[in-house]
Amino acid sequence: MKPSTMPERREGPVDPMPQSPRPEEGGGPRRQETGSPEKDNLMKRMRKVDPKQAERYRQRTGE
Amino acid sequence: MRLFGIETEYGITRDDVPEIDPVVESMELVRAHLEASFERRWDYAGEDPHEDARGFRVSGLQQDREEDDFATRDAHRPFSFHDMKSDLVLPNGARFYNDHTHPEYSTPECRTLKDLVAHDRTGERILLRAAQRRNKVLGGEHVRLYKNNTDFHGHSYGCHDNYLVARSIPFPNLVAGLVPFLVSRQVIAGAGKVGTEAQESGYVPGPYQLSQRADFMEAELGVDTMHNRPILNTRDEPHADRMKYRRLHLIIGDANMCEYATALKVGTTQLVLDLIERGAAPDCELDQPVTAVKQLSRDPDLKTVVKLVNGQKLSAVDIQESYYEAASRMLSGIDEETDWLLREWSETLSLLSRDRSRLVGKLDWVTKQWLLESFMREERIGWDDPWLTSLDLEYHNIHPDQGLYLGLEAEGKAWRMTTDEAIEEAIRNGPTDTRGGLRGLCVQRFPGQIKSMQWERIQFTGGIRSRNLDMGDLFDPQEVRRCAHIFQTAGSPSEALAAWSHRKDRAI
């Protein structure tokens, strides 16, 4: 097989953080309108999560 | 020809020790699946991640040195490389093993989205069952498993979607057709993430983004998978007849909890491959695709536009709509699954713009954002509160009593494509119309007579004559079923191989 002739592209430095939309652009729905998750079950489950769980969580790099 | 599969590396931890040994924990988890002792069967001869689809072979990968370092560090351990990998082939044709210190479940090859979703969910059940057995040994519910892609400390692990592609399609056509689609696919397939990070560097808590993997994309094309990760991985490892096929190995995707997101992710990608094969993919070449992946991910309002080489500026939804319109023109009416995909793709893009709340339970990033924003209102906390990062992690916990997504599903708020019965069946058997199911059948019927296996071949023990079942070009569903019937009814592998060989000779 012949090596492909696809050129390597190098990207210039650009801030990957998006700029906020201008007011006239409207902005997307920031808040879902489906109400809250079931308070007795899901919110209880969420409150049980240890706030430091992610801080302790460490993995080796995978693929 | 449609054939696809998903490989998922899971995160693993224990809550009874301050630090885990990921090599041992992943190995022990995989082995907990076994009823009997581990037997080495996987044949690594078919694996060579150094071959590049652009037509050359790289002398080394960036991860090679790190792998060598780990091998040196791990050399003192009282087990071999093969013991550490603990590669298993399951009765449903899936592969379950320890890959780079993560338990990995690779689905068998599937031809339909229903099968694929069932087998992807089967992976969760099989890992959960292994964790339960491991926990019995440990004496408590200590092992936690996460179907996600980051540890929020700069370490990512993958969920790769794979597709069988005709070798006759020039690779540059795949690149041109796929890159803009993959950069924007996150509006459908992103799993959502709190905060930003970069490869093995600091984590910044804060604003929500669409994708778990976007922060880790550092190149447009490349053969590497652990460092300098590319939007389009160029690994040329077909696991099939190399003259006829490629395996497109995509590493950009997030691990999805939502069945709908999994189906749309893989289904729309397959449609784009169909478009490329017909020379009908839209021209959306991006000016700076790597930057665009990050920019689009970091704007959950979906207002950000990215520049195309032709000067146009499009949002992620605009790009997806270009692909949808081309697919609708070219592929409509081909089959039921294609028509379902076209309807759902169109509806999803429309809802993303006008009523995202109706995508809760369907798209992960929308669902997670809804959960977290509800919690923030209740607890009066902001995006930079570390609690939200932990909740992000727990969204992906695969324990039904702990995971946030699974809690939502238990309340009937998640859209289902599969059923618990279909998942139970997928634990027992692979798809009947792919070589994955045939592989599983051989494991069920002749477990003691298999010498080695790889994706495209099974080698049986004994005899002087060839004892290989070659599946490198066994993709026609009717042929698969004929071969499976022979292996189902034969008294031994040699009898089955002789009958299959005789049948193929007659067909010629």
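Between which helix and which strand of chain B does the loop with Pro300(B) lie? Pro300(B) sits in the loop that runs between helix 8 (289–297) and strand 15 (305–307) of chain B. Helices here are DSSP runs of H or I with at least four residues, strands are runs of E with at least two, and both are numbered from the N terminus. This is a predicted model, in which local features need pLDDT of at least 70, side-chain atom pairs count only at pLDDT 80 or more, and totals for chains, interfaces and linings use all residues. Residues are numbered from 1 along each chain as its sequence is written, while chains are lettered from A and ligands numbered from 1 in the order in which they are written.

- Pro300(B) counts as buried because it has 23 C-beta neighbours inside 10 Å. A residue is buried if 20 or more other C-beta atoms lie within 10 Å of its own, exposed if 12 or fewer, and partly exposed in between, with C-beta atoms placed from the backbone.
- Pro300(B) and Leu210(B) are 90 residues apart along the chain, and their C-alpha atoms are separated by 6.1 Å.
- Leaving aside neighbours within four places in sequence, Pro300(B) is in contact with Tyr208(B), Gln209(B), Leu210(B) and Gln369(B). Contact means that the C-beta atoms of two residues, placed from the backbone, lie within 7 Å.
- Ser86(B) belongs to the loop between helix 3 (81–85) and strand 5 (88–89) of chain B. Its phi is near 50 degrees, a positive value in a residue other than glycine.
- Arg380(B), in the loop between helix 11 (364–379) and helix 12 of chain B, has a phi near 55 degrees, which is also a positive value in a residue other than glycine.
- Is each of these two residues buried or exposed? Ser86(B) counts as buried, with 22 C-beta neighbours inside 10 Å, whereas Arg380(B) is exposed, with 7 other C-beta atoms within 10 Å.

**Helix pairs**

- Two packed helices are described by the angle between their axes and the distance between the axes. The axes are lines fitted to C-alpha atoms, for helices over the stretch in contact, and angles run from 0 to 180 degrees between N-to-C directions.
- Helix 7 (residues 259–277) and helix 9 (residues 316–331) of chain B have axes that come within 10 Å and cross at roughly 65 degrees. That makes helix 7 of chain B roughly perpendicular to helix 9 of chain B; angles under 35 degrees count as roughly parallel, over 145 as roughly antiparallel, 65 to 115 as roughly perpendicular and the rest as oblique.
- Leu271(B), Val272(B), Asp274(B) and Leu275(B) of helix 7 meet Tyr323(B), Ala326(B), Ala327(B), Met330(B) and Leu331(B) of helix 9. The residues of this contact divide into eight nonpolar, no polar and one charged. Ala, Val, Leu, Ile, Met, Phe, Trp, Tyr, Cys and Pro count as nonpolar, Asp, Glu, Lys and Arg as charged, and the others, Gly among them, as polar.
- Helix 1 (residues 22–32) of chain B packs against helix 4 of chain B at an angle of about 105 degrees, with the axes 8 Å apart. This pair is likewise roughly perpendicular.
- Glu28(B), Leu29(B), Val30(B) and Ala32(B) of helix 1 meet Ala130(B), Ala131(B), Arg133(B) and Arg134(B) of helix 4. By class, this contact has five nonpolar, no polar and three charged residues.

**Cores and buried helices**

- The largest nonpolar core has 96 residues, and those with the most contacts inside it are Leu182(B), Ile231(B), Val272(B) and Leu391(B). Such a core is a set of buried Ala, Val, Leu, Ile, Met, Phe, Trp, Tyr and Cys residues joined through C-beta atoms within 7 Å.
- Helix 7 of chain B gives the largest share of this core, ten residues.
- Apart from it lies another core, of 41 residues, including Leu393(B), Cys442(B), Leu497(B) and Trp500(B).
- Helix 12 (residues 386–395) of chain B is mostly covered, with nine of its ten residues buried. Among them are Leu391(B) and Leu393(B).
- Helix 15 (residues 435–445) of chain B is largely enclosed by the rest of the structure, because nine of its eleven residues are buried. Strand 5, strand 17 (450–454), strand 18 (457–460) and helix 16 (477–489) of chain B are included in what covers them.
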